[in-house]
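This report describes one protein chain, from its overall fold down to single residues. Please look over the sequence and the model before reading on.

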Amino acid sequence: MREPVSRLYSDIINERSTSGRGSLDVLNSRPKFEARNVNFWYHSKQALFDISVVIPERSVLALIGPSGCGKSTFLRMLNRMNDLIDGTHHQGQIRLDGRDIYGAEVNMVDLRRRVGMVFQKSNPFPKSIYENVVYGPRVSGEKDPSKLDYVVEKCLKQAALWDEVKDRLHSSAMDLSGGQQQRLCIARSLATDPEVLLMDEPASALDPKSTNKIEDLIFELKSQYTIVIVTHNMQQAARVSDSTAFFFEGKMIEFGSTNMIFTRPHQKQTEDYITGRFG
Ligand SMILES: Nc1ncnc2c1ncn2[C@@H]1O[C@H](COP(=O)(O)OP(=O)(O)OP(=O)(O)O)[C@@H](O)[C@H]1O
């Protein structure tokens with residue numbers, strides 16, 4: 001017999017509320033992103049079907065669902081990364097602060113600055129730790145050494161990496177551990193002063209200790225940023241997110257507060273997935 005869903009994640013949900021990390025009241029928060037009736041195709045293959053969801057500002061949304069259900073595709077729609085893939089098209093609207101990001105007047109450089117992305121596999125540039133962090137500001141034309149130093153310290157502190165690397169900022173980023181490299185990539189994303197961070201399975205390649213650090217970091221960062229995270233780890237979704245969207249075969253089956261999804265989901269498919277009955 002499997003545990004009922006109400007009990008399976010209750011320890012995590014209770015622990016969150018007693019440690020002051022309970023989920024935000026997402027239904028009463030200001031929207032950062034609003035997706036309206038979004039459909040998406042890779043050539044003739046439809047990958048997303050009629051997705052509508054509101055992502056509250058300064059909160060964490062977890063996208064969950066079995067492999068191939070469209071989580072990463074939807075994530076990449078939020079900063080138009082799918083535009084880089086040939087043969088894709090979409091219908092519907094995605095609004096950021098009320099403005100359609102697919103509108104003709106949108107400046108892509110500005111959009112990708114506002115909506116940063118962290119990938120599953122950390123991808124530091126083969127440069128020093130310092131140069132990785134200042135990459136974005138340098139591309140935007142920042143040359144003032146004291147401003148660049150300030151950005152490096154601030155972003156590495158935000159990414160909880162400063163203490164570990166402050167004495168070797170000019171050594172290669174490639175010598176860092178996997179977990180440190182992932183936090184460096186987060187620091188690099190923060191250096192462009194984004195408003196939203198998209199994270200595609202940011203901890204899936206990390207050991208439990210590094211995973212904990214990333215989860216703590218996500219909690220710290222959400223006081224300033226809106227975060228959308230794709231994860232296959234249900235405990236992680238229950239621990240870090242405020243709202244959760246369950247995808248299946250390109251459709252969003254259920255969206256709601258993380259408390260609700262992980263203790264009393266309305267849809268049987270959601271319950272089956274989070275209790276491990278399929279996927
Ligand atoms: N570049 C691409 N070209 C063609 N089809 C793609 C491309 N990327 C994804 N797809 C297809 O779109 C569907 C959704 O894929 P997506 O990667 O968004 O799923 P996912 O839920 O993120 O999966 P996973 O959990 O395995 O990362 C799948 O059928 C996938 O094969």
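Where does UniProt place the feature "domain: ABC transporter"? The unreviewed entry in UniProt puts this domain at residues 33–274.

## Annotated domain and overall fold

The model is predicted. Over residues 33–274, the stretch that UniProt annotates as the domain, the chain is 37% helix and 27% strand. The protein has 12 helices and 10 strands.

The radius of gyration of the protein is 19 Å, close to the 19 Å that the globule rule gives for 279 residues, so the protein is as compact as a globular protein of that length. The C-alpha trace spans about 55 × 45 × 30 Å along its principal axes. Of the 279 residues, 41% count as buried. Sequence separation was also examined for the contacts: among those between residues at least 6 apart in sequence, 70% join residues at least 24 apart.

## Packing of α5 and α8

Helix α5 covers residues 129–139 and helix α8 covers residues 178–190. These two helices pack at an angle of about 35°, and their axes are 7 Å apart. The crossing of α5 and α8 is right-handed. On the α5 side, the contact is made by Ile129, Asn132, Val133, Tyr135 and Gly136. Leu184, Ala187 and Arg188 make it on the α8 side. Sorted by class, the residues in this contact are 5 nonpolar, 2 polar and 1 charged.

Gly179 also lies in helix α8. Is Gly179 buried or exposed? Gly179 is buried, because 21 other C-beta atoms lie within 10 Å and the cut-off for a buried residue is 20 or more. Not counting residues up to four places away in sequence, Gly179 touches Leu206, Asp207, Ser210 and Lys213. Gly179 and His89 are 90 residues apart in sequence, and their C-alpha atoms are 35 Å apart in space.

Most residues other than glycine have a negative phi. With 10 C-beta neighbours inside 10 Å, His43 counts as exposed.

Glu249 is partly exposed, with 13 other C-beta atoms within 10 Å. Why does Glu249 count as partly exposed? The count of 13 falls in between the limits, because a residue is exposed at 12 or fewer and buried at 20 or more.

Lys45 is found in strand β2. Lys45 is exposed, with 10 other C-beta atoms within 10 Å. The C-alpha atoms of Lys45 and Thr88 are separated by 9.2 Å, while the two residues are 43 residues apart along the chain.

Gly92 is found in strand β4, which covers residues 88–96. Gly92 counts as partly exposed, with 17 C-beta neighbours inside 10 Å. Which residues are in contact with Gly92, leaving aside its neighbours within four places in sequence? They are Ala35, Arg36, Asn37, Val38 and Asn39. Gly92 and Tyr102 are 10 residues apart in sequence and 9.3 Å apart in space, C-alpha to C-alpha.

## Ser204 and its contacts

Ser204 lies in the loop between β7 (196–200) and α9 (208–221). Ser204 is partly exposed, with 14 other C-beta atoms within 10 Å. Not counting residues up to four places away in sequence, Ser204 touches Gln120 and His232. The C-alpha atoms of Ser204 and Lys121 are separated by 8.3 Å, and these residues are 83 residues apart along the chain.

Technical notes. Residues are numbered from 1 along each chain as its sequence is written. This is a predicted model: local features need pLDDT of at least 70, side-chain atom pairs count only at pLDDT 80 or more; totals for chains, interfaces and linings use all residues. Axes are lines fitted to C-alpha atoms, for helices over the stretch in contact, and angles run from 0 to 180 degrees between N-to-C directions. Helices (H or I, at least four residues) and strands (E, at least two) are DSSP runs, numbered from the N terminus. A crossing is left-handed if the near helix is turned anticlockwise from the far one by less than a right angle, and right-handed if clockwise. Two residues are in contact if their C-beta atoms, placed from the backbone, lie within 7 Å. Ala, Val, Leu, Ile, Met, Phe, Trp, Tyr, Cys and Pro count as nonpolar, Asp, Glu, Lys and Arg as charged, and the others, Gly among them, as polar. UniProt positions are given in the numbering used here, feature names are shortened, and annotations may be inferred rather than shown by experiment. The radius of gyration is taken over C-alpha atoms; the globule rule is 2.2 Å times the number of residues to the power 0.38.
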